[in-house]
Amino acid sequence: MRADFYLIANKPRFIEQPLLLVCELAKKAYAAQQPTLILARDHEQAHEIDELLWAFDDDAMIPHQLAGDDDDEFTAVLIVPPDVDTPDRPLLINLRDRCPDRPCQRVLEVVPADPGARDGSRERWREYKRRGFHLHKSDQ
């Protein structure tokens, strides 16, 4: 199991709109043929990610949808608001305040640019470590 933390502060093009980094991560996962769950913080964020995935890259077509439909299992990237039940997938992009309680092989975390907003990321880092995840920090 592996957890990767992506630091927005070191990626200037994502500082204004951090969810674009989520779209880039989903794009890479789709290119690698890794079924992915994006665990959105709330329904509003889930809808925002849904819209961004359609528009962020004119050359990218990432099959995605909000979770909860009959064809969820056939969709490459599922955006999961809280309280929506979905089957597990090997790759999670976690945007929630807590570590996911579902099995996975890899979790991607986006660390806010604002130093004052990083406490949650630090807590999740410690929790993943406690759970035995291999931890990696991407700051390039």
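**Notes on a predicted model**

1. Let's start with His43: at 45% relative accessibility, this residue counts as partly exposed. On the scale used here, buried means under 20% relative accessible area, exposed means over 50%, and partly exposed is in between (1.4 Å probe, protein chains only). His43 sits in helix 3. Helices (H or I, at least four residues) and strands (E, at least two) are DSSP runs, numbered from the N terminus.

2. A word on the ground rules. This is a predicted model, in which local features need pLDDT of at least 70 and side-chain atom pairs count only at pLDDT 80 or more, while totals for chains, interfaces and linings use all residues. Residues are numbered from 1 along each chain as its sequence is written, and side-chain values use heavy atoms, with hydrogens and water left out.

3. Now the largest pocket, which holds about 280 Å³ of space. A pocket here is an open set of points on a 1 Å grid over the protein atoms alone, where a 1.4 Å probe fits, with protein on both sides within 12 Å along at least five of seven lines; lining residues have an atom within 4 Å of a point. Grid points are joined across faces, edges and corners, and the volume is the space filled by probe spheres set on the points. The lining has 18 residues, and Arg41, Gln45, Leu95, Val110 and Pro112 lie nearest the centre. Two elements give two or more residues to this lining, strand 6 (106-111) and helix 4 (119-130), and helix 4 has the largest share, with three residues. By class, the lining has nine nonpolar, four polar and five charged residues. For that count, Ala, Val, Leu, Ile, Met, Phe, Trp, Tyr, Cys and Pro are nonpolar, Asp, Glu, Lys and Arg are charged, and the others, Gly among them, are polar.

4. The second largest pocket has a volume of about 180 Å³. Its lining consists of Leu39, Arg96, Asp97, Arg98, Cys99, Pro100, Asp101 and Arg102. That gives three nonpolar, no polar and five charged residues.

5. Keep Asp101 in mind, as this residue turns up again in a salt bridge with Arg131 (3.2 Å, N to O). Asp101 lies in the loop between strand 5 and strand 6 and Arg131 in the loop between helix 4 and strand 7 (134-138), so the pair ties together parts that are 30 residues apart in sequence. A salt bridge means a side-chain nitrogen of Lys or Arg within 4 Å of a carboxyl oxygen of Asp or Glu. Asp101 is exposed, with a relative accessible area of 65%, while Arg131 is partly exposed at 30%. Both belong to a network of salt bridges that also links Glu127 and Arg130.

6. The structure holds ten salt bridges. Another one joins Asp57 and Lys27, with the closest N and O atoms 2.5 Å apart. This pair also links distant parts of the chain: Asp57 is in the loop between helix 3 (43-55) and strand 3 (64-66), Lys27 is in helix 2, and they are 30 residues apart. Asp57 counts as buried at 16% relative accessibility, and Lys27 as partly exposed at 30%. Then there is Arg2 with Asp4, at 2.7 Å between the closest N and O atoms. Arg2 is partly exposed at 32%, whereas Asp4 is buried at 4%.

7. What does Arg89 do without a salt bridge? Arg89 is buried, and the nearest side chain of opposite charge, Asp72, is 6.9 Å away. For this check, Lys and Arg count as positive and Asp and Glu as negative; His and the chain ends are not counted. The side chain of Arg89 reaches the backbone oxygen of Thr36 at 3.3 Å, and one of its polar atoms lies 2.8 Å from the backbone oxygen of Ala76. Arg89 is in the loop between strand 4 (77-80) and strand 5 (91-94).

8. Most residues other than glycine have a negative phi. Gln33, in the loop between helix 2 (19-31) and strand 2 (36-39), has a positive phi near 60°. Gln33 counts as exposed at 72% relative accessibility. Asp83, in the loop between strand 4 and strand 5, also has a positive phi, about 65°. Asp83 is exposed too, with a relative accessible area of 83%.

Key. Polar contact = N/O pair within 3.5 Å; in protein donor to acceptor, adjacent residues only side chain to side chain.
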